[in-house]
Amino acid sequence: MYNPKEHLRRLVETHAPSGYEAPVAELLRKEWAHLVDEFEGDRLGSLIGIKRATTPTDKGRKIMLAAHMDEIGLMVREIEDGFIYLHRISGIDPRVMLAQPVLVHGARALPGVVATMPPHMQTASDRRQYQPIDSLVVDVGLPAEEVERLVSIGDLVTVEGPMIDLKGRVVASKAMDDRCCVAVITACLELLRNMNHSWDVMAVATVQEEVGLRGAATAANHIAPDCAIALDVGFAEQPGVSTAIKLGGGPLMGIGANFHPKMVKRLQDIAAYYDIKWQADIIPARAGYDSWAIQVSRGGVPTALLGIPLRNMHSPVETLDLKDIERTGRLLAHFISALDERFVEYLSLMPAESE
């Protein structure tokens, strides 16, 4: 039986940095097997689950849902005296990495801890600043010759640890960005099992978002959707930062040049009809999400963005409220169920031809 929280737990506890997303794709093939009619993929590695329309239109319309399945991570740069030095693959913040448990994906998975020189041995100036990534090492507790045998330059290093239950329905983990939005797509597909829809749903877990929106670009070109909704996380309230976006306040809705105004309006209308709370995420120009790559693919794709409010982004304790995942999945399902052939004409931004 589908359990949203346990599904999310399996997603975030899987290790799959940018460029190495196969473990999550494999998990999703199992988790989505009863929710979609078939799978496709592109040659970059994005997974496409296709749920065919229950009452298809003559023109075979398609909506693309996109959430990236890669996570930020590290790579072995150098091995010296049994200590492993690191490269960033993507947006790792060295301030939050010190003392974290990690896995080194060598000849076999090795548990390790991130360390640096103790404060007693640092200069006074070094003690007053955060240590850069080049100063951090992973200690796996093995003799130097064993480390050399089991670990190679270029091996992956990922944060290790379980999803943490906080108070209420709030949870924290690595890789919530953006596996929580993969979980939103799952929630949507679960609801669509008992709903009619006239458009094919192309559920896409994209690759390599953190290093340049690459999977969204190739998947959108492969699918050629009639419209798309990208899903990603947005900044909720942080210590010392004033924002109106709250955990548990409902999905974020992107508003700005990257988002088709009529897609946004329809999402707002659907949310109002079904009494689903949402929060505005104002992004005036280019958005650093899959939505940008999808919007400008091919001849242009009408695209919207829905998001999950998140605290502590790009850290091992990314924090969210499970209610926001459920609400966003419900909004998506009702939006898809209402799509018809007239929606394509409604989306046109071209002026009407003069008679």
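## A helix across the sheet

Let's start with helix 7 (residues 261-273), which lies across strand 13 (227-235), strand 14 and strand 16, running at about 155° to strand 14. Helices here are DSSP runs of H or I with at least four residues, strands are runs of E with at least two, and both are numbered from the N terminus. Axes are lines fitted to C-alpha atoms, for helices over the stretch in contact, and angles run from 0 to 180 degrees between N-to-C directions.

This is a predicted model, where local features need pLDDT of at least 70 and side-chain atom pairs count only at pLDDT 80 or more, while totals for chains, interfaces and linings use all residues. Residues are numbered from 1 along each chain as its sequence is written, and side-chain values use heavy atoms, with hydrogens and water left out.

Eight strands form an open sheet with mixed pairing, in the order 1-2-12-3-13-16-14-15; two strands pair if DSSP finds at least two bridges between them. Strand 1 and strand 15 (279-282) stand at the edges with a single partner strand each, so one side of each has no neighbour in the sheet. On average, neighbouring strands of this sheet are turned by 30° against each other, direction ignored. Helix 2 (residues 22-31) packs on the sheet, where it touches strand 1, strand 2 and strand 12 (200-206), and its direction makes about 15° with that of strand 2. Contact means heavy atoms within 4.5 Å.

Strand 1 (residues 38-41) and strand 2 (residues 47-51) run antiparallel and are joined by four bridges, with F39 partnered by G49 in strand 2. Their hairpin has five residues between the strands, and G45 takes a positive phi near 120° there. Strand 14 (residues 252-255) and strand 16 (residues 303-310) also pair in the antiparallel sense, over two bridges; here L252 has G307 of strand 16 as its bridge partner.

## Helix 6 and its buried side

The buried residues of helix 6 (residues 214-223) are G215, A216, A219, A220 and I223. They cover an arc of only 125° around the axis, so they sit on the same side of helix 6; the arc is that of the directions from the helix axis to the C-beta atoms. Buried means under 20% relative accessible area, exposed over 50%, and partly exposed in between (1.4 Å probe, protein chains only).

What do these residues pack against? The buried residues of helix 6 meet strand 2, strand 3 (62-68), strand 12 and helix 8 (290-295). After helix 6 comes A224, which has a positive phi near 55°.

## Helix 9, wrapped up

Helix 9 (residues 322-337) has 16 residues and reaches 23 Å from its first C-alpha to its last. That is close to the 22 Å expected at 1.5 Å a residue, where the expected span is 1.5 Å times one less than the number of residues. Since 12 of its 16 residues are buried, helix 9 is largely enclosed by the rest of the structure. One of them is H334, with a relative accessible area of 16%. Leaving aside residues up to four places away in sequence, H334 touches M195, I270 and Y274.

## Two nonpolar cores

A nonpolar core is a set of buried Ala, Val, Leu, Ile, Met, Phe, Trp, Tyr and Cys residues joined through side-chain atoms within 4.5 Å. The largest one has 82 residues, and those with the most contacts inside it are L8, I63, L65, I229, L320 and F335. Helix 5 (residues 176-192) gives the most to this core, with 10 residues. A second, separate core has 21 residues, including I72, V76, I84 and V157.
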